[in-house]
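Reader: I have a model open and want to learn how to read a few of its features. Where do we begin?

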Amino acid sequence: IGNELVRREASKAPAPSADFFDHLAPIEGGRGMALLEKMGWRKGHGLGRDEKGTTEPISVKVKSDMAGLMAGGGGAPSP
């Protein structure tokens, strides 16, 4: 009964679109940015000692179904 209720309630909420994060404004401040700046990072420069690391934020894929993260085959990773 619990799973049915969860699925029924979740179906009422609108599913996020695949391009949900594409329309968000870039972050201009916050705790994470303050920590990066405290450790020497500057806007527009790459990460790492030589500043050759990534300059773009990590892209994300919106998960909009009720399946678990490992659903879809493959099974659990071996330790």
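Reader: Where is the place of Leu 24?

Author: Helices are DSSP runs of H or I with at least four residues, strands are runs of E with at least two, and both are numbered from the N terminus. Leu 24 sits in the loop between helix 1 (2-12) and helix 2 (31-38). The protein has two helices and zero strands. This is a predicted model, in which local features need pLDDT of at least 70 and side-chain atom pairs count only at pLDDT 80 or more, while totals for chains, interfaces and linings use all residues. Residues are numbered from 1 along each chain as its sequence is written, and side-chain values use heavy atoms, leaving out hydrogens and water.

Reader: Is Leu 24 buried, partly exposed or exposed?

Author: Buried means under 20% relative accessible area, exposed means over 50%, and partly exposed lies in between, with a 1.4 Å probe and protein chains only. Leu 24 is partly exposed because its relative accessible area is 48%. Of the 79 residues in the protein, 3% are buried.

Reader: What about Lys 61: buried or exposed?

Author: Lys 61 has a relative accessible area of 79%, so Lys 61 counts as exposed. Its place is in the segment after helix 2. From C-alpha to C-alpha, Lys 61 and Asp 19 are 8.7 Å apart in space, and they are 42 residues apart in sequence.
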